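Hi,

Here is the structure I promised to send over.

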Amino acid sequence: MSKYDNIEEVDPDLRGAGLRIGIVMSRFNTDIGEGLLSSCTAALIKHGVRAADMIIVTVPGALEVPLALQKMAQSGRYDALIALGAVIRGETYHFEIVSNEASGGVTAVQLDSGVPIANGILTTENDDQALARMAEKGADCAKTAIEMANLLRRIGDEK
């Protein structure tokens, strides 16, 4: 039921059956990446995405994630993509550069390609924060990817 009289609302659709999902994971901070990946794939399966409809690729670090996403988006094989990794603050300005460039790259690929990308590259002050967030963030990325793939299909089909 709509909150707004005479205005159609598109409800979130978390049915993953039939969706093809590509996942790019940074190997830097591997323990965090693996935790994100584990919760992400479990949530994708829970929502109906078949393991056979997923592909996981790994890259050395967060700065390499956007390029892998771009190539996957250009292939036309995926309904949605997911970026996973962790950038943890160190003692230098490098944290800001990597965080900003990785996030900007993910957003640019999404907007340029029209393929939705759930950004699960954590940016935290320390390992404890990353460990505390990884399970929830991985699962959130799965749901975001499914919801956005379904939303874009729905609004793209309207005439």
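Two strands count as paired if DSSP finds at least two bridges between them; strands (E, at least two residues) and helices (H or I, at least four residues) are DSSP runs, numbered from the N terminus. Bear in mind that this is a predicted model, where local features need pLDDT of at least 70 and side-chain atom pairs count only at pLDDT 80 or more, while totals for chains, interfaces and linings use all residues. Numbering starts from 1 along each chain as its sequence is written, and side-chain values use heavy atoms, with hydrogens and water left out.

On to the sheet. It is open, has four strands in the order β2-β1-β3-β4, and the pairing is parallel. β2 (54-59) and β4 sit at the edges, each pairing on one side only. From one strand to the next, the twist averages 15°. β1 and β3 are joined in the parallel sense over five bridges, and M25 stands opposite L84 in β3.

α4 lies across β1, β3 and β4 and runs at about 170° to β4 (axes are lines fitted to C-alpha atoms, for helices over the stretch in contact, with angles from 0 to 180 degrees between N-to-C directions; contact means heavy atoms within 4.5 Å).

Now the packing. A nonpolar core here is a set of buried Ala, Val, Leu, Ile, Met, Phe, Trp, Tyr and Cys residues joined through side-chain atoms within 4.5 Å; buried is under 20% relative accessible area, exposed over 50%, and partly exposed in between (1.4 Å probe, protein chains only). The largest such core has 27 residues, of which I21, I23, L44, I82 and L84 touch the most other members. β1 (21-26), α1 (30-46), β3 (80-88), β4 (117-124) and α4 (127-157) each supply at least two of its residues, and α4 gives the most, with eight. Apart from neighbours within four places in sequence, T58 is in contact with M25 and R27. The C-alpha atoms of T58 and A68 are 8.7 Å apart, although ten residues separate them along the chain.

Cheers
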